[in-house]
Amino acid sequence: MTRKNRRLMLVGGVVLGLGTATVLLFQAFRSTGELFVVPSKIAANAPKGDRAFRLGGMVEAGSLQHLQEGTKPAVEFRVSDGIASVEVKFVGILPDLFREGQGVVTLGKLRPDGTFAAQEVLAKHDENYMPGDMADELKRTGWKPENGAPPAAALWNAAKVGG
Amino acid sequence: MSDVNTASPALPASRNLHRFANPGRFLRLSGRILPPVALIGLALTVAGLVWGLFFSPADWQQHDAVRIMYVHVPAAWLASFGYASLAIASIASLVWRHPLADLAAVEIGPVGAAFTALCLATGSLWGKPMWGAWWVWDARMTSVLVLFFLYLGHIALVRAFDDQQRGYRAGAILALVGVVNLPIIKYSVDWWNTLHQPASITLTGAPTMAPSMLWPLLLVAVGGMFGFAALVTARTRAAVMERRIRALTLAQVRAQA
């Protein structure tokens, strides 16, 4: 074996070893990489006691209520992951993308009554990018944004023909 | 430039001659391909940006804010692409001891770091109005920040030694250790739950983006690749010529002494 080949094997082996070590490390600390806890996993994954954590999921259709707390705007809505849902209360200004059917990540604490007192609400954006007139066309043919993501992009043109 | 090329055989016979034999060919070859590569890159990038920023449709829920994508996404792709090319140069340096690979690695660092910084800055400007936060420590954003620090570490390390060769060696090892971060960046949005959305454009599935938005994005991305290649080539040429000037000056001083 030439010296070049030996160096190549060495570099390849070290990179492979480091990669394996990293994969094992992340497997062991999997939950620390998660940004938020979904409603059905609160019992298993949320921090115990009075500690704040991030709760994430989708704003359930028909659950959003606008309230007034003193002079400040407040909202109540349910965050769902399709299995379980949690009532969230928030006083403050919501991000522009917030709506029913949108993913959200909220930071706050679980109250003893099972509701979640949020001090911050962030809106998630999904991987779909769609012009306004296409969204109007899809809504006309029966798609409701509050029920979830639009149909696959490959079907958008079919919707236009069908509409 | 041709003066420098013809001047090199006049150098005193030494190991330096062997070292510069290959870079000489590199200078001639790269001098020929650099102008077209730079022109194509500039033309595609400008065309894609004008299309994306002024003529492509607004998103149904993000409205005009979606146009940040035409800068943010190509910058993010180039940040990772640049690091992959840095890793390849580092392998060539460690295994084949290729002198051009050392110079290229030194020159890729600042260009890659600049695109990573652009990606982080535009992402932050996009995140505030849409998500409601400038920054969140989710897996995608944290891993891209780590990529930025890897670039900065490499830039500092290759220049930290009095003996250049040791700097190249240390930098190449750092670059290869950091390469584990690339799959982490790519799959962070699939492995963990994050605020950042998963990829819209994948190798395995149809893009989840209207063609009227996809085309300008791809134009900027391809233009950016050419631009990246042109920047690194121009910087590497400058580094080769700089070395040559230093060697010639040294030879001149020695001849006079």
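The questions and answers below concern a predicted model and take up its chains, helix packing and chain contact.

Residues are numbered from 1 along each chain as its sequence is written, while chains are lettered from A and ligands numbered from 1 in the order in which they are written. In this predicted model local features need pLDDT of at least 70 and side-chain atom pairs count only at pLDDT 80 or more, whereas totals for chains, interfaces and linings use all residues.

Me: How many helices and strands does chain B have?
Reply: Helices (H or I, at least four residues) and strands (E, at least two) are DSSP runs, numbered from the N terminus. From the N terminus on, the elements of chain B run α-α-α-α-α-α-α-α. The count for chain B is 8 helices and 0 strands.

Me: What percentage of the residues in chain B is buried?
Reply: A residue is buried if 20 or more other C-beta atoms lie within 10 Å of its own, exposed if 12 or fewer, and partly exposed in between, with C-beta atoms placed from the backbone. The C-alpha trace of chain B spans about 75 × 35 × 30 Å along its principal axes. Of the 257 residues in chain B, the buried share is 41%.

Me: Is B:Trp215 exposed, partly exposed or buried?
Reply: B:Trp215 sits in helix α8 (residues 211–256) of chain B. From B:Gln62 it is 153 residues away in sequence and 19 Å away in space, C-alpha to C-alpha. Because B:Trp215 has 15 C-beta neighbours inside 10 Å, its class is partly exposed.

Me: How are α4(B) and α5(B) oriented to each other?
Reply: Axes are lines fitted to C-alpha atoms, for helices over the stretch in contact, and angles run from 0 to 180 degrees between N-to-C directions. Helix α4 (residues 99–130) of chain B packs with α5(B) at an angle of about 150 degrees, the axes being 9 Å apart. Angles under 35 degrees count as roughly parallel, over 145 as roughly antiparallel, 65 to 115 as roughly perpendicular and the rest as oblique. The angle therefore makes α4(B) and α5(B) roughly antiparallel.

Me: What is the make-up by class of the contact of α4(B) with α5(B)?
Reply: Two residues are in contact if their C-beta atoms, placed from the backbone, lie within 7 Å. Residues of α4(B) including B:Gly109, B:Ala113 and B:Leu120 meet residues of α5(B) including B:Leu147, B:Phe148 and B:Ile155. Ala, Val, Leu, Ile, Met, Phe, Trp, Tyr, Cys and Pro count as nonpolar, Asp, Glu, Lys and Arg as charged, and the others, Gly among them, as polar. The contact of α4(B) with α5(B) has 15 nonpolar, 4 polar and no charged residues.

Me: In which hand does α5(B) pass α6(B)?
Reply: The axes of helix α5 (residues 139–158) and helix α6 (residues 164–178) of chain B come within 8 Å and cross at roughly 165 degrees, so α5(B) is roughly antiparallel to α6(B). A crossing is left-handed if the near helix is turned anticlockwise from the far one by less than a right angle, and right-handed if clockwise. The crossing of α5(B) with α6(B) is right-handed.

Me: Which element gives the most to the side of chain A that touches chain B?
Reply: In the contact between the chains, 35 residues of chain A meet 38 residues of chain B. The elements of chain A that give two or more residues to this side are α1 (3–28), β6 (116–123) and α3 (132–140). With 8 residues, the element that gives the most is α1(A).
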